[in-house]
Amino acid sequence: MGEKSPTLTQWEKLYREAEQIGTLEPWELLWDTDLVEVMVPGRDRPVYCAVLGHAGENLGVNVYESTESLERLSRLINAPEGENQLLHIYEQEFIGCFFGPKEELMVPDQSVLKQLGRSYDKQWIYFRSEQPGYIPWYLDADQAELMTWALEGLRECIQWLRMGKIQAQYDRERFLSCKRQGNQWEVTQTTPPEIFEYFPRMVVEEEELAPLRLAKKLDMVLELDSFYVPTPIQPEPGKPGYFPRATVLLNRESGMCIRQEAGKAEDDFHETALSMMSQFIAEEGCPATICIRDDRLYGVLYDLCQALEIRLMVGNGMPAADRYFNEILQFMQ
């Protein structure tokens, strides 16, 4: 979320591309999981377009700028049954073009449309940036430029599909990709990207481990989790509000919250989690097992658990953390 707002010329180009996308109605052809790769000129890696609205509502296009942001999307789509999706919704990272009723537009959207002399009958167009831990906000100049290129590539791809020049056959081996060659776009089938997100490996020095090795052994299973609390904080007018990040340590059997710490959206929860776990061991003892929701905390705790012979369990459910999160939601209602 940069400081520089799009120029009126940038808005003009962006709305023009969005209007053409609306006319082509790509949601009739693609599901929201049928990603289209667009090689944007001047970028060393592609973006990925997800078309929304195949069911006939919530029309739009989300543009994911990296495979890391696709990994965030994957965690949302593949969340275990019964797990609250809000745990993942506020982790999402994309820029979006949306088609909806006029009531969804905010004052800045209406101001831009008025300056452009644009008006729509039913599906009004607006744009948002979704960043982890922040409420949806308006596009900056760079994001508007990127969205324009992405929509142009997607438009070409949809035109190829409409004309029968290529088929939308999606599986593990085939994936639609669009690349600009000179003044023309070329649409091909290619191999889907390998989706991954980098997670830090945190090394615990021996001088830090030495006192922890003396801690008594506890017959206890703990859950360590970190998530955004869906209560936005507005720091100042004209700036995007953020969701506080909570890091919690709970007893898996009793559900009791042993420790918790809240921070800002941009705070490094990896360091917070490691510090919280180390302090607990130093003061209370060494648990038999630590459970974490997914790989995001694996590299953070691996060295600590290996050195202290603690079992580290990943992806085996988080009943205590889930109950704790749902209790927060109930309290907010």
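I began with cysteine 178 and found it buried, at a relative accessible area of 0%, where buried stands for under 20% relative accessible area, exposed for over 50% and partly exposed for anything in between (1.4 Å probe, protein chains only). This is a predicted model, in which local features need pLDDT of at least 70 and side-chain atom pairs count only at pLDDT 80 or more, while totals for chains, interfaces and linings use all residues. Residues are numbered from 1 along each chain as its sequence is written, and side-chain values use heavy atoms, with hydrogens and water left out.

I then looked for disulfides (pairs of cysteine sulfur atoms within 2.5 Å), and the search of the whole structure gave zero. For cysteine 178, the closest cysteine sulfur belongs to cysteine 157 at 5.9 Å, which is too far for a bond. Cysteine 305, buried at 3% relative accessibility, has its closest cysteine sulfur in cysteine 286 at 8.1 Å, again too far for a bond.

Next I looked up threonine 289, which lies in strand β11 (residues 289-292); strands are DSSP runs of E with at least two residues, helices runs of H or I with at least four, both numbered from the N terminus. Threonine 289 is buried, with a relative accessible area of 8%. Leaving aside neighbours within four places in sequence, I found threonine 289 in contact with Met220, Val221, Leu222, Ile310, Arg311 and Met313, contact being heavy atoms within 4.5 Å.

Last, I noted that Leu8, Trp11, Glu12 and Tyr15 in α1 meet Asp109, Val112, Leu113, Gln115 and Leu116 in α4.
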